[in-house]
Amino acid sequence: MRPFHPHFNRAGEARALVRPNPSPRPDTSENSIPALVSRFQKTNKNMQQGGGSETEVTWEDQQNINKFGRLNNRFHELEDEIKSAKETNDNLEDASNELILSDEDVVRFQIGEVFTHVPREEVENRLEMMKEETTKSLEKLKEEKDSVLAQMAELKKILYGKFKDSINLEED
């Protein structure tokens with residue numbers, strides 16, 4: 001097919017001016033159409049012979065990948081919560097130690113955003129209860145973290161077994 005170039009005469013009317021095709025020059029670069037087609041055919045042939053790393057992702061595989069992502073997010077949330085619980089536990093321990101060193105009978109104790117004067121023994125009891133609650137919470141968080149890690153390890157085994165090097169489940 002010849003290229004169409006509009007041409008206008010003196011009256012402003014358009015008419016078609018057809019010019020012959022210029023002689024086609026062979027493109028010898030790597031990105032020429034024949035070179036790209038050749039590379040595609042070679043790659044396609046390798047994949048059909050099993051030389052490619054393409055593996056079909058099934059619905060179940062996608063569900064496993066999504067589950068791994070959710071578990072990974074939960075793992076990071078748990079690490080943050082554990083860090084916060086440890087800091088709280090340390091702060092409660094420091095407060096308890098300071099209370100032991102104090103010789104006052106009435107101590108200022110923070111409840112919410114307000115400091116109130118509370119008898120020393122009641123503050124000691126409250127601090128003990130708060131430390132116990134924080135320790136229990138910390139243990140639960142660690143158990144959940146271990147459970148999440150076990151589930152992630154199982155999914156890694158399944159996904160790496162199928163996709164080998166085609167999938168990366170490790171963090172950078």
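**Figure 1. Contacts of Ile111 in the predicted model.** Leaving aside neighbours within four places in sequence, Ile111 is in contact with Thr116 and Arg126. The model shown here and in the other views is predicted. Ile111 is found in strand β3. Its relative accessibility is 42%, so Ile111 counts as partly exposed.

Figure 2. Strand β3 covers residues 106-111 and strand β4 residues 114-119. The two strands run antiparallel and are joined by 6 bridges. Phe109 has Thr116 in β4 as its bridge partner. Thr116 is also one of the residues in contact with Ile111. Between β3 and β4 there are 2 residues. Gly112 lies in this turn and has a positive phi of about 70°.

**Figure 3. Arg108 and the ring of Phe115.** Arg108 lies over the face of Phe115. The distance from the ring centre is 4.9 Å. As for pairs between aromatic rings, the count comes to 0.

Figure 4. Helix α3 spans residues 120-163 and contains Thr134. Arg126, one of the contacts of Ile111, has a number that falls within the residues 120-163 of helix α3. Thr134 has a relative accessible area of 13%. Buried means under 20%, and Thr134 is therefore buried.

**Figure 5. The protein chain as a whole, for orientation.** The protein chain has 3 helices and 4 strands. Along the sequence, these elements follow the pattern β-β-α-α-β-β-α. The chain has 172 residues, of which 18% count as buried; Thr134 is buried, whereas Ile111 is partly exposed. The accessible surface comes to about 14000 Å², and carbon and sulfur atoms contribute 50% of this surface. Among contacts with a separation of 6 or more, 51% are between residues 24 or more positions apart.

Conventions: Residues are numbered from 1 along each chain as its sequence is written. This is a predicted model: local features need pLDDT of at least 70, side-chain atom pairs count only at pLDDT 80 or more; totals for chains, interfaces and linings use all residues. Side-chain values use heavy atoms; hydrogens and water are left out. Buried means under 20% relative accessible area, exposed over 50%, partly exposed in between (1.4 Å probe, protein chains only). Contact means heavy atoms within 4.5 Å. Accessible areas come from the Shrake-Rupley method with a 1.4 Å probe; for residues, only the protein chains shown count as cover. Two strands pair if DSSP finds at least two bridges between them. Rings of Phe, Tyr and Trp (its six-membered ring) pair if their centres lie within 6.5 Å; planes under 30 degrees apart count as stacked, over 60 as edge-to-face and the rest as tilted. A charge sits over a ring if NZ of Lys or CZ of Arg is within 6 Å of the ring centre and within 35 degrees of the ring normal.
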